Amino acid sequence: MQRTNPPSEMENAVTKPSIPLLTPYKMGRFNLSHRVVLAPLTRQRSYGYVPQPHAAIYYSQRASPGGLLITEATSVSDTAQGYKDAPGIWTEEQVKAWKPIVDAVHAKGGFIFCQIWHVGRVSNRSYQPNGQAPISCTDKPLTPPANVEDMFTPPRRLSTEEIPTIVNHFRLAARNAMEAGFDGVEVHGANGYLIDQFLKDTVNDRTDEYGGSLEKRCKFALDIVEAVANEIGPDRVGIRLSPFADYMDSADTNPQALALHMAESLNKYGILYCHVVEPRMKTIGEIGECTHTTTPMRKAFSGTFIAAGGFTKEDGNAAVAEGRTDLVAYGRLFLANPDLPKRFQLDAPLNKYDRSTFYTSDPVVGYTDYPFLDSTAS
């Protein structure tokens with residue numbers, strides 16, 4: 001009779017079910033210890049467009065060894081602004097101010113990418129140099145919210161000859177981000193801002209090489225990706241896209257075609273990742289039903305795929321386990337829970353976020369005062 005070996009200690013041990021979100025992932029040169037990413041979140045606490053010391057506390061609180069953070073949207077030039085106290089990275093003062101913030105994240109063993117941004121027509125004269133009109137691919141005005149008629153100034157259509165200057169602003173911003181010590185940059189091509197305005201056919205009414213066909217509407221975005229990748233290396237470049245969304249009056253009549261074309265076109269430049277807002281997020285903060293899917297984009301893009309858009313822990317685990325994404329970006333949950341990966345690991349309860357403090361100017365309230373599981377942590 002064959003002897004049966006006794007069970008090993010390993011076999012006797014109670015094995016915790018694996019948490020897909022907390023498995024390691026190699027993103028190019030970056031060895032991530034988990035797949036929970038801090039989504040870019042505008043916080044409006046960079047007084048005078050200059051990052052402040054309290055941002056070092058905010059970002060380092062959310063840093064973890066091998067974790068990836070993406071900064072709030074950061075303007076590439078003085079024409080790129082549209083929000084009070086949003087940070088920039090076009091001046092020497094701003095670059096210098098970012099350095100201790102980046103250092104604080106690195107001290108925790110984390111990685112941090114700077115999201116570089118131009119708002120385009122989502123602005124008004126008060127944010128623009130010399131009180132000029134905001135710039136865009138179009139001169140079509142943006143519809144203001146009810147009872148706020150002067151929120152947006154009608155934009156000025158960029159001439160074909162001016163566009164390379166804007167592309168260059170993104171390139172210089174990427175260079176500045178490297179000087180500040182960032183691990184890479186994310187080009188903000190989503191949410192109805194300048195790049196998205198060029199991409200979407202309900203906004204872009206140009207008849208030159210940057211408008212009309214799908215290929216021409218995508219040229220501005222791809223010119224920027226190419227310039228940035230050539231400046232700092234494609235292995236340090238990501239892009240965020242929201243082809244299915246209708247933020248800031250920026251919708252497309254064939255979002256699936258736009259999504260697929262961008263995913264396929266980005267492969268030419270060999271960039272590190274593509275960060276996509278889920279189709280169910282039609283408007284900011286609202287999750288709805290949608291027949292579209294990011295699966296074709298995911299299959300077409302050869303780099304790392306990051307999904308964003310109202311994910312819970314369960315949604316994120318399922319998306320990773322089913323191969324629908326490599327990483328998941330969390331916004332409001334990560335804002336309210338600076339130790340979100342740890343809470344996911346321990347299945348601990350989550351702090352509730354306070355929407356009323358998202359965009360206040362206070363350097364502490366709603367910013368660095370959300371409690372950790374261990375209240376003595378910082």
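Predicted model: local features only at pLDDT ≥ 70, side-chain atom pairs only at ≥ 80, totals over all residues.

Trainee: What makes the phi of Asn 191 worth a remark?

Mentor: Phi of Asn 191 is near 60°, a positive value in a residue other than glycine. Most residues other than glycine have a negative phi. Gln 44 likewise has a positive phi, about 55°, although it is not a glycine. A glycine with positive phi, near 85°, is Gly 109, which follows α3.

Trainee: Where is Gln 44, and how do you know whether it is buried or exposed?

Mentor: Gln 44 is in the loop between β3 and α2. Its relative accessible area is 14%, and the limit for buried is under 20%, so Gln 44 is buried.

Trainee: What is the accessibility of Val 50, and what does Val 50 touch?

Mentor: Val 50 lies in the loop between β3 and α2. At 12% relative accessibility, against a limit of under 20%, Val 50 counts as buried. Leaving out residues up to four places away in sequence, Val 50 touches Glu 93, Gln 94 and Ala 97. Val 50 and Lys 96 are 46 residues apart in sequence, while their C-alpha atoms are 9.4 Å apart in space.

Trainee: How do you know that the length of α3 agrees with its number of residues?

Mentor: At 1.5 Å a residue, the 16 residues of α3 should span 22 Å, and the end C-alpha atoms are 23 Å apart, which agrees. The buried residues of α3 include Trp 98, Ile 101, Ala 104 and Val 105. Among the elements against which the buried residues of α3 pack are α2, β5 (74-75) and α4 (163-179).

Trainee: What makes α2 and α3 roughly parallel, rather than oblique?

Mentor: Two packed helices are described by the angle between their axes and the distance between the axes. For α2 and α3 the angle is about 25° and the axes are 8 Å apart. Angles under 35 degrees count as roughly parallel, so α2 is roughly parallel to α3. The contact is made by Ala 55, Ala 56, Tyr 59 and Ser 60 of α2 with Trp 98, Pro 100, Ile 101, Ala 104 and Val 105 of α3. α2 passes α3 in a right-handed crossing.

Trainee: At what angle do α4 and α6 pack, and which hand has their crossing?

Mentor: α4 and α6 pack at about 35°, with their axes 9 Å apart, and the crossing is right-handed. Among the residues that meet are Phe 170 and Met 178 in α4, and Phe 220 and Asp 223 in α6.

Trainee: Why is the pairing of Asp 223 and Lys 219 called a salt bridge?

Mentor: Side chains of opposite charge can pair when their charged atoms come close. The distance for Asp 223 and Lys 219 is 3.3 Å, N to O, and the limit is within 4 Å, so the term salt bridge applies. Both residues lie in helix α6 (residues 214-232), 4 residues apart, about one turn of the helix. Asp 223 is buried at 18% relative accessible area, whereas Lys 219 is partly exposed at 25%.

Trainee: What does the salt bridge of Arg 298 and Asp 326 tie together?

Mentor: The two side chains meet at 2.8 Å, N to O. Arg 298 lies in helix α8 (residues 295-300) and Asp 326 in the loop between α9 (313-321) and β13 (327-330), so the pair ties together parts that are 28 residues apart in sequence. Asp 326 is buried, with a relative accessible area of 10%.

Trainee: How many salt bridges does the whole structure hold?

Mentor: A search of the whole structure finds 15. One of them joins Asp 196 and Lys 200, with the closest N and O atoms 3.2 Å apart; both residues are buried.

How values were computed. Residues numbered from 1 in each chain as written. Heavy atoms only, no water. Buried < 20%, exposed > 50% of the residue type's maximum accessible area, 1.4 Å probe, protein only. Helix = DSSP H or I, 4+ residues; strand = E, 2+ residues; numbered from the N terminus. Expected span 1.5 Å × (residues − 1). Contact = heavy atoms within 4.5 Å. Axes fitted to C-alpha atoms, helices over the stretch in contact; angles between N-to-C directions. Parallel < 35°, antiparallel > 145°, perpendicular 65-115°, else oblique. Left-handed = near helix turned anticlockwise from the far one by under 90°.
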